[in-house]
Amino acid sequence: MAGSEASDDQKFSLSEVLDPFKLCLSENKEVYLEHYVAGWRGLVKFLNSLGSVFGFISKDAANKVHILVNYLNGENASQYVTVQSMVKYELENELVDLTKRGSHPESGCRTLLRLHRALRWLELFLERLRTGSEDSKTSAMCAESYNESLAQHHPWVVRKAAGMAFCVLPGRPAFLEVMNVGPPEQVVAMLGEALPLISEVYQITEDLYAQRNLLDLP
Ligand SMILES: CCCCCCCCCCCCC/C=C/[C@@H](O)[C@H](COP(=O)(O)O)NC(=O)CCCCCCCCCCCCCCC
């Protein structure tokens, strides 16, 4: 029916996140910003489909995606093709606040760093989701992954709010279902295929930021 096809269009599917991350790496292992941002768009869409409790999280992520999209489409677009070229360009042109917030509060480098830290959370969480049993709690998986990664960069009040949002996450079977891939085994297979690529994108970005001393950008 036309009606149900239309609503299918709006439905999130896990491949909207995983496909862009699969396309992220160039032949010489640079990270394409366009695909990175597309992966994040998918994540924001997924988060929105989980309900308004997650609104404060998805708004922040959407905001950061928006900042990066503006660079991708802006007058210096050619400098923003890969994360590597962005870092080089912004550093060489002193477009990054390095020690305290100043005249460049929305640099590509600091904005991407926030998403990069959240990508580590995603990696940890999806790995738990992939290997968990049917009755394992997504809220616990989510909280553990958060505590091991992003939480270290968040003040108490954000950690508290995040912890409350985790409590309303659906159980693992329902969670896999909203990913709209098919039976659980298929979701698990898809995650198994995509996770190494997400890890690689994460690690390459992490190494780049570490080399350039950018891991603590304000
Ligand atoms: C599935 C459940 C989703 C739970 C999400 C877990 C992450 C919790 C993050 C809580 C962030 C709270 C919002 C505020 C953040 C900002 O303070 C903070 C710092 O920014 P600033 O330096 O500009 O001030 N921002 C950030 O750290 C960026 C956070 C971005 C979080 C994005 C989370 C996306 C989660 C996507 C869920 C997808 C699930 C898997 C589906 C395939």
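1. With 16 C-beta neighbours inside 10 Å, N180 counts as partly exposed; a residue is called buried if 20 or more other C-beta atoms lie within 10 Å of its own, exposed if 12 or fewer, and partly exposed in between, the C-beta atoms being placed from the backbone. N180 sits in the loop between α9 (172-178) and α10 (184-211). Although N180 is not a glycine, its phi is positive, at about 60°. Helices (H or I, at least four residues) and strands (E, at least two) are DSSP runs, numbered from the N terminus.

2. This is a predicted model, in which local features need pLDDT of at least 70 and side-chain atom pairs count only at pLDDT 80 or more, while totals for chains, interfaces and linings use all residues. Residues are numbered from 1 along each chain as its sequence is written.

3. An unreviewed UniProt entry lists residues 32-180 as "domain: Glycolipid transfer protein"; UniProt positions are given in the numbering used here, feature names are shortened, and annotations may be inferred rather than shown by experiment. The span 32-180 is 66% helix and 0% strand, and its end C-alpha atoms lie 26 Å apart.

4. The ligand is surrounded by 20 residues, of which the closest are L43, D60, A61, A118 and A162; a residue is near a molecule if its C-beta atom, placed from the backbone, lies within 6 Å of it. At least two residues of this shell come from each of α3 (33-49), α4 (55-73), α6 (108-131), α7 (138-148) and α8 (156-166). By class, the shell holds 17 nonpolar residues, no polar ones and three charged ones. Here Ala, Val, Leu, Ile, Met, Phe, Trp, Tyr, Cys and Pro count as nonpolar, Asp, Glu, Lys and Arg as charged, and the others, Gly among them, as polar.

5. The 17 residues of α3 should span 24 Å at 1.5 Å a residue, and the end C-alpha atoms of α3 are 24 Å apart, which agrees; the expected span is 1.5 Å times one less than the number of residues. The buried residues of α3 are L33, Y36, V37, G39, W40, L43 and V44. Seen down the axis of α3, they fall within an arc of 155°, so they line one face of the helix; the arc is that of the directions from the helix axis to the C-beta atoms. These buried residues pack against α2 (15-22), α4, α5 (83-92) and α6, where contact requires C-beta atoms, placed from the backbone, within 7 Å. After α3 comes G51, with a positive phi near 120°.

6. In α5, V83, M86, V87 and E90 are buried. They cover an arc of only 95° around the axis, which puts them on the same side of α5. The cover over these buried residues includes α3, α6 and α10. E94, which follows α5, has a positive phi near 50°.

7. Two pairs of residues may be examined across the chain. K29 lies in the loop between α2 and α3 and counts as exposed, with 12 C-beta neighbours inside 10 Å. K29 and V201 are 172 residues apart along the chain, and their C-alpha atoms are separated by 8.6 Å. G55 belongs to helix α4 and is partly exposed, with 14 C-beta neighbours inside 10 Å. G55 and M141 are 86 residues apart along the chain, with 20 Å between their C-alpha atoms.

8. N213 lies in the segment after α10. N213 has a positive phi of about 65° although it is not a glycine, and it counts as exposed, with 10 C-beta neighbours inside 10 Å.

Key: Contact = placed C-beta atoms within 7 Å.
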